Amino acid sequence: MSDDWRAEMEAADRESAAAADEELKSSIERIKALTSVDHDALRPQVSDSATYDALIKEVAEATRRNESLAQIAERIGRLSNAAVDLAKQVSALIP
């Protein structure tokens with residue numbers, strides 16, 4: 001193999017890796033945009049701020065632990081009936 005060929009292959013490899021990195025970065029940004037919620041924008045529409053704060057804490061913890069929707073629903077259900085109702089209200093406000 002010639003050094004020129006090797007250099008061309010290494011350059012092609014770097015270009016391919018850079019293109020893949022950019023595509024993944026773009027995908028991650030789209031996913032973040034689809035899953036991000038402005039919690040402060042929801043707060044004025046929620047009358048029970050203590051329950052809302054508890055709800056946000058539980059969902060954040062469940063997300064951190066990568067829990068399933070069933071586990072998250074169970075967590076919310078353990079808070080109170082008001083938390084369940086509030087979760088339904090808040091989920092309806094999220095685009």
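A salt bridge here is a side-chain nitrogen of Lys or Arg within 4 Å of a carboxyl oxygen of Asp or Glu. With that in hand, here are some friendly notes on the model.

1. **Ground rules.** This is a predicted model, in which local features need pLDDT of at least 70 and side-chain atom pairs count only at pLDDT 80 or more, while totals for chains, interfaces and linings use all residues. Residues are numbered from 1 along each chain as its sequence is written, and side-chain values use heavy atoms, with hydrogens and water left out.

2. **Overall layout.** The protein has five helices and zero strands, so the order from the N terminus is α-α-α-α-α. Helices (H or I, at least four residues) and strands (E, at least two) are DSSP runs, numbered from the N terminus.

3. The accessible surface comes to about 7500 Å², computed with the Shrake-Rupley method and a 1.4 Å probe, where for residues only the protein chains shown count as cover. Carbon and sulfur atoms hold 54% of that surface. Of the 95 residues, 16% are buried; buried means under 20% relative accessible area, exposed over 50%, and partly exposed in between (1.4 Å probe, protein chains only).

4. **Contacts along the chain.** Taking contacts (heavy atoms within 4.5 Å) between residues at least 6 apart in sequence, 46% join residues at least 24 apart.

5. **The nonpolar core.** The largest nonpolar core has nine residues: Tyr-52, Leu-55, Ala-62, Ile-72, Ile-76, Ala-83, Leu-86, Ala-87 and Val-90. In soluble globular proteins, nonpolar side chains tend to be buried together.

6. **Thr-51.** This residue lies in helix H3 and is buried, at a relative accessible area of 15%. Leaving aside residues up to four places away in sequence, Thr-51 touches Ala-82, Ala-83 and Leu-86.

7. Which residues of H4 are buried? They are Ile-72, Arg-75 and Ile-76, and they cover an arc of only 95 degrees around the axis, so they sit on the same side of H4. The arc is that of the directions from the helix axis to the C-beta atoms. The face turned away from this buried side carries the exposed residues Ala-70 and Arg-78. Ala-73, also found in H4, is partly exposed at 47% relative accessibility.

8. **Linking H3 and H4.** The structure holds five salt bridges. In one of them, the side chains of Arg-75 and Glu-58 meet at 2.7 Å, N to O; because Arg-75 lies in helix H4 and Glu-58 in helix H3, the pair ties together parts that are 17 residues apart in sequence. Arg-75 is buried, with a relative accessible area of 9%, and Glu-58 is buried at 19%. Glu-58 also touches Leu-79.

9. **A charged network.** Glu-67 forms a salt bridge with Arg-75, the closest N and O atoms being 2.8 Å apart, and both residues are buried. Salt bridges that share partners join Glu-58, Arg-65, Glu-67 and Arg-75 into one network. The Arg-65 and Glu-67 side chains meet at 3.7 Å, N to O. Arg-65 is partly exposed, at 48%, whereas Glu-67 counts as buried at 17% relative accessibility.

Methods:
A nonpolar core is a set of buried Ala, Val, Leu, Ile, Met, Phe, Trp, Tyr and Cys residues joined through side-chain atoms within 4.5 Å.
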